[in-house]
Amino acid sequence: MSSDDVVVRMKGIVKVYPDGTVALRGVDFEARRGEIHGLLGENGAGKTTLMKILSGLLKPTKGEIYIRGKKVQFKSAAEALKHGIGMVHQHLALVPVFTVLENIILGLPSKSVDIERIKELMETTGLKAPLNAIVEDLPLGVRQRVEILKMLYRNVDILILDEPTTNLTPTETKELFRTLRILKEQGKTIIFITHKLKEALEITDRITVLRKGKVVGVVETKKATPELLARMMVGREVIFRIEKKPPRIGEPLLVVEDLWVRSDLGGWAVKGISFKVHAGEIFGIAGVEGNGQKELIEAITGLRKVERGKIKLMGIDITNKSPSELYKLGLAHIPEDRQRLGLILDMIVAENSILGIQRNRLFIGKLLSMKWKNIFSHATKVIRRFEIIAPGVKAPVRSLSGGNQQKLVVGREIMKEPKVIVAAQPTRGLDVAATEYIRKLLIKMRDEGKAILLVSADLDEILQLSDRMAVMYEGEFMGIAKPEELTEEEIGMMMGGYRLEQIRRR
Ligand SMILES: Nc1ncnc2c1ncn2[C@@H]1O[C@H](COP(=O)(O)OP(=O)(O)OP(=O)(O)O)[C@@H](O)[C@H]1O
Ligand SMILES: [Mg+2]
């Protein structure tokens with residue numbers, strides 16, 4: 001392979017976001033003409049950031065980019081496009097009320113509109129789409145084809161696809177792969193971002209693995225195995241262990257039987273999941289985000305409809321009950337999206353401290369008058385017990401730091417004395433001290449005999465806290481085991497779509 005074949009060369013790329021997050025720590029990346037290059041890594045590894053830099057959407061803090069040997073510095077995506085670089089984002093960016101054709105030609109001068117050429121592109125690449133159909137009426141697989149067509153019509157020959165198969169059916173995925181092989185034959189470079197090991201092994205020629213903003217290695221796909229990739233992807237530093245007594249497991253308090261739940265898009269997000277969480281146990285759910293964890297939690301906490309199956313809380317059928325009924329029955333929820341579900345930022349600390357229990361007679365009197373004295377004293381208790389740093393109970397929640405906002409949510413939920421706690425990404429975005437505080441608190445709750453269901457994209461968190469864990473992939477559990485019984489490799493492979501039984505038979 002001559003060096004002329006290297007069309008993309010990124011050197012020493014560092015990216016620090018304005019809020020101080022270091023997403024990339026000196027990344028070297030290369031892609032060749034006529035190759036499908038996989039970019040693999042866990043959530044937060046920096047894949048999207050790196051490719052946004054290549055496609056001109058973000059500026060690197062440091063580092064150099066060479067396209068076909070020439071040094072470039074893109075000021076915008078339009079400039080990268082002029083160099084033949086285009087990115088299809090995971091959240092498709094077409095104008096939903098426009099037709100396919102209108103989307104393809106959007107922004108181009110009208111004299112450059114050449115319908116014959118679009119049709120020819122569709123023929124040669126297999127990217128067929130009805131030109132006059134309104135985009136929002138089309139299935140996601142077809143919309144994605146339109147995005148790719150749009151790029152090809154603009155003469156893109158370095159095509160970046162960010163997790164392109166996430167919302168595709170298996171048939172659509174096959175069709176996409178067929179197209180990608182054709183594009184590769186035409187000499188185009190395709191950069192394929194994914195978490196899915198099978199896909200990476202099936203479609204790519206080489207794979208670069210990122211972990212925590214650094215390149216772990218580059219492998220030729222022919223020489224790669226799922227075991228190797230899994231190890232590269234999740235390889236852990238020595239895991240820092242939190243003090244934890246052996247669990248004293250009691251009765252099953254939360255029982256989920258053959259649960260089926262739909263996603264916002266109408267497909268199945270949860271496909272027949274069953275498990276039990278016992279008193280005195282933390283049951284962790286790991287997995288790459290977007291594999292149905294969110295929908296599962298929403299179904300359990302009454303925020304999303306259960307289509308089939310059953311959920312029982314301490315023996316009582318709670319399927320499709322409302323969040324307030326669930327709360328009365330002893331279920332607390334530390335939501336993933338605390339800005340939306342957890343707190344009302346413009347309200348004061350005291351008001352937020354009683355959300356969910358605001359109808360309690362303690363807080364509300366006749367004619368719906370608020371009993372402020374009681375509310376303030378409740379809020380003061382929450383602040384003291386959970387060591388929340390706030391200017392006072394009357395301060396707006398917006399004025400608290402992220403860590404203290406989260407402590408308020410957690411504290412509020414635990415003050416309700418629940419039997420079962422559902423915690424979704426409970427330490428996301430928190431600093432080390434706040435993270436440790438919340439993790440210890442969850443363990444304390446477990447030791448007090450509560451049943452805790454923990455969902456986290458942070459694998460370390462799952463490994464540290466869980467007594468048993470499951471790995472979720474495309475709406476199913478790939479296996480349930482004690483964390484100490486699983487190897488890194490097994491976890492990585494389950495995250496990438498292999499079942500535990502399957503892995504152990506290999
Ligand atoms: N706009 C932003 N501001 C601050 N931090 C950000 C921003 N976008 C991403 N990050 C952070 O940068 C790191 C890398 O994120 P990035 O989205 O590139 O990861 P990724 O590998 O694409 O992950 P995923 O698999 O979840 O898509 C993460 O820690 C993320 O939280
Ligand atoms: Mg990403």
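1. The model is predicted: local features need pLDDT of at least 70 and side-chain atom pairs pLDDT 80 or more, while totals for chains, interfaces and linings use all residues. Residues are numbered from 1 along each chain as its sequence is written, chains are lettered from A and ligands numbered from 1 in the order in which they are written, and side-chain values use heavy atoms, without hydrogens and water.

2. Helices are DSSP runs of H or I with at least four residues, strands are runs of E with at least two, and both are numbered from the N terminus.

3. Oxygen atoms of ligand 1 take part in polar contacts, that is, pairs of N or O atoms within 3.5 Å. On the backbone side, a polar atom of Gly44 is 2.7 Å from a ligand oxygen, and an N or O atom of Gly46 is 2.9 Å from a ligand oxygen. From a side chain, an N or O atom of His195 lies 2.9 Å from an oxygen atom of ligand 1. The protein covers 64% of the 630 Å² of accessible area that the ligand has on its own (Shrake-Rupley method, 1.4 Å probe).

4. The chain holds 18 helices and 20 strands. Its radius of gyration is 25 Å, close to the 23 Å of the globule rule for 506 residues, so the chain is as compact as a globular protein of that length. The radius is taken over C-alpha atoms, and the rule is 2.2 Å times the number of residues to the power 0.38. Along the principal axes, the C-alpha atoms fill a box of roughly 70 × 55 × 45 Å.

5. Of the 506 residues, 53% are buried, meaning under 20% relative accessible area with a 1.4 Å probe and protein chains only. The chain exposes about 23,200 Å², 52% of it supplied by carbon and sulfur atoms.

6. Thr125 lies in helix α4 (residues 115-125). Thr125 counts as buried because its relative accessibility is 1%. Leaving out residues up to four places away in sequence, Thr125 touches Leu152, Thr179, Ile182, Leu183 and Gln186, with contact meaning heavy atoms within 4.5 Å.

Technical notes
Polar contact = N/O pair within 3.5 Å; in protein donor to acceptor, adjacent residues only side chain to side chain. Buried < 20%, exposed > 50% of the residue type's maximum accessible area, 1.4 Å probe, protein only.
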